Amino acid sequence: MPAAFDTPVYRQPGFIPFLVARLGAVFAMQIQAIVVAWQVYDITRDPLTLGYVGLAQFLPMVVLLLPAGDVVDRFDRKRILQLSWAVQGLCSALLIALSLKSPGSATPFYAVLMLFGAARAFTGPTLQSLLPQIVPREQLGKAIALNSSIMKIGVIAGPMLGGLLYALGPTLTYSVVLSCFVLAQLTLAGVPVLYAFERQATDDTAWQRFTAGIDYIRSRPVILGVISLDLFAVLFGGIVALLPVYAHEILHVGPEGLGALRSAVAVGAFLMGLYLGVRAIKRHAGLVMFAAVAVFGLANLVFALSHWFWLSFGALLVAGAADMISVYVRLTLLQLATPDEMRGRVNAVNMLFIGASNELGEFESGVTASWFGTVPAAVIGSMGTLAIVGLWMWAFPVLRRTDRLEETQEEAVRPGSQKSAG
(Lines give C-alpha, C1' and ligand atoms only; values in the text may rest on other atoms or scores of the structure.)
Protein backbone atom coordinates (compact mmCIF):
# COMPACT_ATOMS: atom_id res chain seq x y z
CA MET A 1 0.00 0.00 0.00
CA PRO A 2 2.20 2.84 -1.22
CA ALA A 3 -0.02 5.63 0.10
CA ALA A 4 0.04 4.24 3.61
CA PHE A 5 3.79 3.71 3.41
CA ASP A 6 4.44 7.30 2.31
CA THR A 7 2.31 8.76 5.13
CA PRO A 8 4.32 9.40 8.32
CA VAL A 9 3.39 6.96 11.06
CA TYR A 10 2.03 9.71 13.32
CA ARG A 11 -0.43 10.63 10.55
CA GLN A 12 -1.77 7.11 10.15
CA PRO A 13 -5.52 7.12 10.91
CA GLY A 14 -6.10 6.20 14.53
CA PHE A 15 -2.45 5.96 15.59
CA ILE A 16 -2.36 9.13 17.73
CA PRO A 17 -5.73 8.36 19.40
CA PHE A 18 -4.40 4.86 20.12
CA LEU A 19 -1.33 6.38 21.80
CA VAL A 20 -3.47 8.75 23.85
CA ALA A 21 -5.73 5.88 24.95
CA ARG A 22 -2.76 3.70 25.94
CA LEU A 23 -1.09 6.58 27.77
CA GLY A 24 -4.27 7.21 29.78
CA ALA A 25 -4.44 3.54 30.77
CA VAL A 26 -0.73 3.44 31.65
CA PHE A 27 -1.11 6.50 33.89
CA ALA A 28 -4.07 4.83 35.58
CA MET A 29 -2.24 1.55 36.24
CA GLN A 30 0.98 3.20 37.42
CA ILE A 31 -0.80 5.59 39.81
CA GLN A 32 -2.95 2.79 41.17
CA ALA A 33 0.05 0.47 41.70
CA ILE A 34 1.90 2.97 43.85
CA VAL A 35 -1.17 3.90 45.89
CA VAL A 36 -2.37 0.33 46.53
CA ALA A 37 1.09 -0.74 47.70
CA TRP A 38 1.42 2.23 50.03
CA GLN A 39 -2.14 1.93 51.36
CA VAL A 40 -1.85 -1.81 52.05
CA TYR A 41 1.48 -1.41 53.81
CA ASP A 42 0.10 1.56 55.75
CA ILE A 43 -2.69 -0.69 57.04
CA THR A 44 -0.59 -3.75 57.90
CA ARG A 45 3.05 -2.64 58.32
CA ASP A 46 3.95 -6.17 57.21
CA PRO A 47 6.19 -6.64 54.13
CA LEU A 48 4.56 -10.02 53.46
CA THR A 49 1.30 -8.23 52.58
CA LEU A 50 3.15 -6.49 49.74
CA GLY A 51 3.88 -9.93 48.36
CA TYR A 52 0.17 -10.71 48.51
CA VAL A 53 -0.50 -7.58 46.43
CA GLY A 54 1.56 -9.10 43.62
CA LEU A 55 0.17 -12.61 44.13
CA ALA A 56 -3.45 -11.41 44.03
CA GLN A 57 -2.85 -9.96 40.57
CA PHE A 58 -0.68 -12.80 39.27
CA LEU A 59 -2.91 -15.80 40.07
CA PRO A 60 -5.85 -14.82 37.84
CA MET A 61 -3.41 -13.76 35.12
CA VAL A 62 -1.63 -17.11 35.07
CA VAL A 63 -4.96 -18.93 34.85
CA LEU A 64 -6.47 -16.75 32.11
CA LEU A 65 -3.56 -15.68 29.88
CA LEU A 66 -3.50 -18.67 27.53
CA PRO A 67 -7.29 -18.65 26.97
CA ALA A 68 -7.05 -14.86 26.60
CA GLY A 69 -4.50 -15.25 23.81
CA ASP A 70 -6.88 -17.52 21.93
CA VAL A 71 -9.74 -15.05 22.44
CA VAL A 72 -7.53 -12.22 21.10
CA ASP A 73 -6.84 -14.21 17.94
CA ARG A 74 -10.49 -15.18 17.40
CA PHE A 75 -12.46 -12.02 18.15
CA ASP A 76 -12.39 -8.24 17.68
CA ARG A 77 -9.26 -7.05 19.50
CA LYS A 78 -10.50 -3.50 19.92
CA ARG A 79 -13.69 -4.67 21.66
CA ILE A 80 -11.70 -6.97 23.92
CA LEU A 81 -9.46 -4.07 24.96
CA GLN A 82 -12.45 -1.85 25.65
CA LEU A 83 -14.03 -4.51 27.86
CA SER A 84 -10.81 -5.18 29.80
CA TRP A 85 -10.28 -1.46 30.45
CA ALA A 86 -13.91 -1.17 31.57
CA VAL A 87 -13.35 -3.90 34.17
CA GLN A 88 -10.16 -2.18 35.37
CA GLY A 89 -12.12 1.07 35.71
CA LEU A 90 -14.68 -0.81 37.80
CA CYS A 91 -11.82 -1.94 40.07
CA SER A 92 -10.81 1.70 40.56
CA ALA A 93 -14.39 2.52 41.57
CA LEU A 94 -14.33 -0.36 44.09
CA LEU A 95 -11.05 0.96 45.53
CA ILE A 96 -12.72 4.35 45.98
CA ALA A 97 -15.52 2.69 47.92
CA LEU A 98 -13.04 0.79 50.10
CA SER A 99 -11.04 3.92 50.86
CA LEU A 100 -14.17 5.78 51.93
CA LYS A 101 -14.82 3.05 54.52
CA SER A 102 -11.21 3.21 55.86
CA PRO A 103 -10.89 -0.58 56.29
CA GLY A 104 -8.60 -1.99 58.96
CA SER A 105 -7.78 -5.08 56.88
CA ALA A 106 -6.07 -5.47 53.51
CA THR A 107 -8.20 -8.48 52.51
CA PRO A 108 -10.83 -6.51 50.51
CA PHE A 109 -8.02 -4.90 48.52
CA TYR A 110 -6.73 -8.34 47.51
CA ALA A 111 -10.19 -9.29 46.21
CA VAL A 112 -10.32 -6.18 44.01
CA LEU A 113 -6.77 -6.80 42.79
CA MET A 114 -7.71 -10.34 41.75
CA LEU A 115 -10.44 -8.92 39.50
CA PHE A 116 -7.93 -6.35 38.22
CA GLY A 117 -5.44 -9.13 37.42
CA ALA A 118 -8.12 -11.07 35.52
CA ALA A 119 -8.78 -8.02 33.32
CA ARG A 120 -5.05 -7.49 32.77
CA ALA A 121 -4.78 -11.05 31.40
CA PHE A 122 -6.71 -9.81 28.36
CA THR A 123 -5.18 -6.32 28.21
CA GLY A 124 -1.56 -7.33 27.66
CA PRO A 125 -1.83 -9.63 24.63
CA THR A 126 -4.56 -7.45 23.12
CA LEU A 127 -2.45 -4.29 23.24
CA GLN A 128 0.55 -6.02 21.69
CA SER A 129 -1.61 -7.56 18.95
CA LEU A 130 -3.83 -4.56 18.12
CA LEU A 131 -1.15 -2.12 16.96
CA PRO A 132 -0.29 -4.15 13.81
CA GLN A 133 -3.96 -3.86 12.85
CA ILE A 134 -3.90 -0.05 13.15
CA VAL A 135 -0.79 0.78 11.09
CA PRO A 136 0.52 -0.91 7.91
CA ARG A 137 3.29 -3.48 8.27
CA GLU A 138 5.79 -1.15 6.58
CA GLN A 139 5.27 1.38 9.39
CA LEU A 140 5.12 -1.14 12.23
CA GLY A 141 8.72 -0.73 13.38
CA LYS A 142 8.43 3.05 13.70
CA ALA A 143 5.04 2.68 15.37
CA ILE A 144 6.42 0.28 17.98
CA ALA A 145 9.39 2.55 18.74
CA LEU A 146 7.21 5.64 19.09
CA ASN A 147 4.62 3.77 21.12
CA SER A 148 7.24 2.45 23.54
CA SER A 149 8.81 5.87 24.01
CA ILE A 150 5.48 7.61 24.67
CA MET A 151 4.39 4.92 27.14
CA LYS A 152 7.49 5.59 29.24
CA ILE A 153 6.03 9.02 30.03
CA GLY A 154 3.26 7.32 31.96
CA VAL A 155 5.62 4.81 33.56
CA ILE A 156 7.92 7.63 34.71
CA ALA A 157 5.38 10.25 35.71
CA GLY A 158 2.63 7.92 36.94
CA PRO A 159 4.33 6.73 40.17
CA MET A 160 5.52 10.24 40.98
CA LEU A 161 2.03 11.64 40.42
CA GLY A 162 0.58 8.80 42.48
CA GLY A 163 2.88 9.62 45.37
CA LEU A 164 1.95 13.30 45.25
CA LEU A 165 -1.77 12.60 44.96
CA TYR A 166 -1.72 10.13 47.85
CA ALA A 167 -0.74 12.98 50.14
CA LEU A 168 -4.23 14.37 49.37
CA GLY A 169 -5.90 11.06 50.16
CA PRO A 170 -6.47 7.71 48.45
CA THR A 171 -10.06 8.52 47.47
CA LEU A 172 -9.00 11.45 45.31
CA THR A 173 -6.15 9.41 43.84
CA TYR A 174 -8.38 6.50 42.82
CA SER A 175 -10.82 9.02 41.32
CA VAL A 176 -8.01 10.28 39.07
CA VAL A 177 -7.26 6.65 38.12
CA LEU A 178 -10.91 6.09 37.19
CA SER A 179 -10.90 9.28 35.10
CA CYS A 180 -7.84 8.05 33.19
CA PHE A 181 -9.58 4.77 32.35
CA VAL A 182 -12.64 6.70 31.13
CA LEU A 183 -10.39 8.86 28.93
CA ALA A 184 -8.78 5.71 27.51
CA GLN A 185 -12.20 4.24 26.68
CA LEU A 186 -13.50 7.38 24.97
CA THR A 187 -10.34 7.82 22.90
CA LEU A 188 -10.09 4.18 21.84
CA ALA A 189 -13.68 4.26 20.55
CA GLY A 190 -12.59 6.47 17.63
CA VAL A 191 -9.62 4.32 16.55
CA PRO A 192 -10.21 2.64 13.15
CA VAL A 193 -8.94 -0.92 12.68
CA LEU A 194 -7.77 -1.03 9.05
CA TYR A 195 -5.44 -4.02 8.84
CA ALA A 196 -7.23 -6.83 10.66
CA PHE A 197 -6.55 -10.28 9.25
CA GLU A 198 -9.30 -12.61 8.10
CA ARG A 199 -9.16 -15.63 10.35
CA GLN A 200 -9.45 -19.02 8.69
CA ALA A 201 -11.54 -21.71 10.35
CA THR A 202 -9.50 -24.66 11.68
CA ASP A 203 -10.23 -28.05 13.22
CA ASP A 204 -7.91 -27.39 16.17
CA THR A 205 -9.23 -28.22 19.62
CA ALA A 206 -9.40 -25.56 22.31
CA TRP A 207 -6.32 -27.05 23.98
CA GLN A 208 -4.36 -26.98 20.71
CA ARG A 209 -5.32 -23.33 20.21
CA PHE A 210 -4.41 -22.39 23.79
CA THR A 211 -0.98 -24.04 23.61
CA ALA A 212 -0.02 -22.94 20.09
CA GLY A 213 1.99 -20.02 21.42
CA ILE A 214 3.90 -22.29 23.80
CA ASP A 215 4.69 -24.74 20.98
CA TYR A 216 5.85 -21.88 18.79
CA ILE A 217 8.28 -20.57 21.40
CA ARG A 218 9.51 -24.04 22.44
CA SER A 219 10.52 -24.75 18.86
CA ARG A 220 12.97 -21.80 18.92
CA PRO A 221 15.72 -22.25 21.59
CA VAL A 222 16.95 -18.66 21.22
CA ILE A 223 13.50 -17.24 21.98
CA LEU A 224 12.93 -19.74 24.81
CA GLY A 225 16.31 -18.83 26.30
CA VAL A 226 15.83 -15.08 26.14
CA ILE A 227 12.31 -15.17 27.59
CA SER A 228 13.19 -17.57 30.41
CA LEU A 229 16.34 -15.58 31.27
CA ASP A 230 14.22 -12.46 31.70
CA LEU A 231 11.69 -14.43 33.74
CA PHE A 232 14.09 -15.82 36.34
CA ALA A 233 16.41 -12.82 36.49
CA VAL A 234 13.54 -10.49 37.40
CA LEU A 235 11.82 -13.15 39.54
CA PHE A 236 14.81 -13.32 41.87
CA GLY A 237 16.24 -9.84 41.38
CA GLY A 238 13.12 -7.69 41.31
CA ILE A 239 12.89 -5.49 44.38
CA VAL A 240 9.97 -3.26 43.43
CA ALA A 241 7.70 -4.85 46.04
CA LEU A 242 10.15 -3.88 48.78
CA LEU A 243 10.29 -0.20 47.83
CA PRO A 244 7.59 0.86 50.34
CA VAL A 245 9.63 -0.77 53.13
CA TYR A 246 12.83 0.92 51.98
CA ALA A 247 11.03 4.26 51.69
CA HIS A 248 9.45 3.94 55.14
CA GLU A 249 12.16 2.41 57.26
CA ILE A 250 15.56 2.55 55.54
CA LEU A 251 15.67 5.70 53.39
CA HIS A 252 13.12 7.57 55.57
CA VAL A 253 11.21 9.26 52.74
CA GLY A 254 7.46 9.67 52.30
CA PRO A 255 5.14 8.68 49.45
CA GLU A 256 6.75 11.32 47.23
CA GLY A 257 10.13 9.61 47.68
CA LEU A 258 8.56 6.23 47.01
CA GLY A 259 7.10 7.56 43.76
CA ALA A 260 10.54 8.87 42.75
CA LEU A 261 12.13 5.48 43.44
CA ARG A 262 9.50 3.71 41.35
CA SER A 263 10.03 6.21 38.55
CA ALA A 264 13.82 5.80 38.60
CA VAL A 265 13.57 2.37 36.99
CA ALA A 266 11.42 3.78 34.18
CA VAL A 267 13.72 6.78 33.69
CA GLY A 268 16.68 4.46 33.21
CA ALA A 269 14.71 2.34 30.77
CA PHE A 270 13.54 5.42 28.87
CA LEU A 271 17.07 6.79 28.45
CA MET A 272 18.42 3.42 27.36
CA GLY A 273 15.51 3.09 24.92
CA LEU A 274 16.44 6.42 23.34
CA TYR A 275 20.06 5.26 23.04
CA LEU A 276 19.06 1.96 21.43
CA GLY A 277 16.88 3.90 19.00
CA VAL A 278 20.02 5.69 17.77
CA ARG A 279 22.67 3.01 18.36
CA ALA A 280 21.03 -0.38 17.96
CA ILE A 281 22.83 -3.54 19.07
CA LYS A 282 24.80 -4.59 15.99
CA ARG A 283 27.01 -7.48 17.15
CA HIS A 284 27.28 -10.00 19.99
CA ALA A 285 23.64 -9.51 20.99
CA GLY A 286 23.61 -12.59 23.22
CA LEU A 287 26.68 -11.62 25.21
CA VAL A 288 25.43 -8.03 25.48
CA MET A 289 22.18 -9.30 26.94
CA PHE A 290 23.92 -11.52 29.49
CA ALA A 291 26.12 -8.59 30.51
CA ALA A 292 23.05 -6.36 30.86
CA VAL A 293 21.28 -8.85 33.14
CA ALA A 294 24.45 -9.11 35.24
CA VAL A 295 24.53 -5.31 35.55
CA PHE A 296 20.84 -5.45 36.55
CA GLY A 297 21.74 -7.82 39.40
CA LEU A 298 24.71 -5.70 40.52
CA ALA A 299 22.64 -2.50 40.49
CA ASN A 300 19.99 -4.17 42.64
CA LEU A 301 22.73 -5.29 45.02
CA VAL A 302 23.90 -1.69 45.40
CA PHE A 303 20.32 -0.61 46.09
CA ALA A 304 19.88 -3.39 48.64
CA LEU A 305 22.84 -2.17 50.69
CA SER A 306 22.31 1.58 50.27
CA HIS A 307 21.03 3.87 53.03
CA TRP A 308 21.37 7.05 50.96
CA PHE A 309 18.40 8.09 48.86
CA TRP A 310 20.31 9.41 45.85
CA LEU A 311 22.58 6.36 45.66
CA SER A 312 19.47 4.18 45.78
CA PHE A 313 17.85 6.31 43.07
CA GLY A 314 20.95 5.99 40.87
CA ALA A 315 21.13 2.22 41.37
CA LEU A 316 17.52 1.83 40.27
CA LEU A 317 18.25 4.08 37.29
CA VAL A 318 21.03 1.72 36.18
CA ALA A 319 18.84 -1.34 36.83
CA GLY A 320 16.11 0.10 34.61
CA ALA A 321 18.58 0.82 31.80
CA ALA A 322 20.01 -2.70 31.96
CA ASP A 323 16.54 -4.23 31.97
CA MET A 324 15.62 -2.25 28.85
CA ILE A 325 18.40 -4.03 26.94
CA SER A 326 16.83 -7.35 27.88
CA VAL A 327 13.39 -6.12 26.81
CA TYR A 328 14.81 -4.80 23.53
CA VAL A 329 16.41 -8.12 22.61
CA ARG A 330 13.34 -10.14 23.58
CA LEU A 331 10.84 -8.01 21.66
CA THR A 332 13.11 -7.80 18.63
CA LEU A 333 13.28 -11.58 18.45
CA LEU A 334 9.53 -11.99 18.86
CA GLN A 335 8.02 -9.15 16.87
CA LEU A 336 8.43 -9.82 13.17
CA ALA A 337 8.80 -13.58 13.56
CA THR A 338 5.15 -14.00 14.58
CA PRO A 339 2.32 -14.10 12.01
CA ASP A 340 -0.65 -11.89 12.88
CA GLU A 341 -3.09 -14.79 13.25
CA MET A 342 -0.88 -16.18 16.06
CA ARG A 343 0.19 -12.91 17.60
CA GLY A 344 -2.34 -12.99 20.43
CA ARG A 345 -1.30 -16.47 21.61
CA VAL A 346 2.43 -15.80 21.35
CA ASN A 347 2.06 -12.49 23.15
CA ALA A 348 -0.03 -14.21 25.81
CA VAL A 349 2.86 -16.57 26.54
CA ASN A 350 5.25 -13.63 26.63
CA MET A 351 2.91 -11.78 29.00
CA LEU A 352 2.72 -14.91 31.16
CA PHE A 353 6.49 -14.83 31.56
CA ILE A 354 6.45 -11.09 32.23
CA GLY A 355 3.64 -11.47 34.76
CA ALA A 356 5.46 -14.30 36.50
CA SER A 357 8.66 -12.27 36.75
CA ASN A 358 6.86 -9.17 38.05
CA GLU A 359 3.85 -10.17 40.16
CA LEU A 360 5.22 -13.53 41.33
CA GLY A 361 8.57 -11.83 41.91
CA GLU A 362 6.83 -9.36 44.22
CA PHE A 363 5.41 -12.28 46.19
CA GLU A 364 8.86 -13.89 46.41
CA SER A 365 10.34 -10.62 47.65
CA GLY A 366 7.65 -10.23 50.28
CA VAL A 367 8.08 -13.79 51.54
CA THR A 368 11.88 -13.63 51.77
CA ALA A 369 11.68 -10.22 53.46
CA SER A 370 9.30 -11.67 56.02
CA TRP A 371 11.65 -14.61 56.62
CA PHE A 372 15.08 -12.98 56.57
CA GLY A 373 14.47 -9.24 56.81
CA THR A 374 14.22 -6.62 54.09
CA VAL A 375 17.90 -5.99 53.34
CA PRO A 376 19.00 -9.66 53.44
CA ALA A 377 16.09 -10.56 51.14
CA ALA A 378 17.14 -7.92 48.61
CA VAL A 379 20.77 -9.08 48.76
CA ILE A 380 19.77 -12.74 48.29
CA GLY A 381 17.62 -11.83 45.28
CA SER A 382 20.41 -9.84 43.65
CA MET A 383 22.88 -12.68 44.09
CA GLY A 384 20.28 -15.05 42.65
CA THR A 385 20.11 -12.93 39.49
CA LEU A 386 23.89 -13.18 39.03
CA ALA A 387 23.71 -16.96 39.50
CA ILE A 388 20.94 -17.18 36.87
CA VAL A 389 23.17 -15.37 34.35
CA GLY A 390 25.92 -17.94 34.76
CA LEU A 391 23.52 -20.89 34.62
CA TRP A 392 21.74 -19.63 31.49
CA MET A 393 25.04 -18.96 29.69
CA TRP A 394 25.79 -22.65 30.20
CA ALA A 395 22.27 -23.97 29.48
CA PHE A 396 21.61 -21.89 26.33
CA PRO A 397 24.85 -21.75 24.30
CA VAL A 398 22.83 -20.82 21.20
CA LEU A 399 21.74 -17.63 22.97
CA ARG A 400 25.28 -16.93 24.12
CA ARG A 401 26.48 -17.25 20.50
CA THR A 402 23.72 -15.05 19.05
CA ASP A 403 25.44 -12.31 17.08
CA ARG A 404 23.27 -10.13 14.84
CA LEU A 405 19.61 -9.79 15.76
CA GLU A 406 18.79 -9.08 12.13
CA GLU A 407 20.03 -12.51 11.10
CA THR A 408 17.89 -14.19 13.76
CA GLN A 409 14.84 -12.28 12.53
CA GLU A 410 15.44 -13.26 8.94
CA GLU A 411 15.80 -16.92 9.86
CA ALA A 412 12.63 -16.80 11.98
CA VAL A 413 10.43 -15.45 9.18
CA ARG A 414 11.57 -17.73 6.38
CA PRO A 415 8.67 -19.51 4.62
CA GLY A 416 7.59 -22.57 6.53
CA SER A 417 9.12 -21.49 9.83
CA GLN A 418 5.97 -19.84 11.16
CA LYS A 419 3.99 -23.03 11.51
CA SER A 420 3.12 -23.96 15.04
CA ALA A 421 2.82 -27.46 16.37
CA GLY A 422 -0.65 -26.48 17.55
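This is a predicted model: local features need pLDDT of at least 70, side-chain atom pairs count only at pLDDT 80 or more; totals for chains, interfaces and linings use all residues.
Trainee: What makes Y246 and F303 an aromatic pair?

Mentor: Their ring centres are 4.7 Å apart, and rings pair if their centres lie within 6.5 Å, so they qualify. By this rule the model has eight aromatic pairs.

Trainee: And why is the Y246 and F303 pair called tilted?

Mentor: The angle between their planes is 45°. Stacked needs under 30 degrees and edge-to-face needs over 60, so 45° leaves tilted.

Trainee: Which parts of the chain does that pair link?

Mentor: Distant ones: Y246 belongs to helix α11 (residues 243-250) and F303 to helix α13 (residues 285-305), with the two 57 residues apart.

Trainee: How do you know whether Y246 is buried or exposed?

Mentor: Check its relative accessible area, which is 0%. Buried means under 20%, so Y246 is buried. F303 also comes out at 0%, so F303 counts as buried too.

Trainee: Where do F309 and F313 lie?

Mentor: Both are in helix α14 (residues 309-335), four residues apart, or about one turn of the helix.

Trainee: What links F232, W392 and F396 into a cluster?

Mentor: Ring pairs do that.

Conventions. Residues are numbered from 1 along each chain as its sequence is written. Side-chain values use heavy atoms; hydrogens and water are left out. Rings of Phe, Tyr and Trp (its six-membered ring) pair if their centres lie within 6.5 Å; planes under 30 degrees apart count as stacked, over 60 as edge-to-face and the rest as tilted. Buried means under 20% relative accessible area, exposed over 50%, partly exposed in between (1.4 Å probe, protein chains only).
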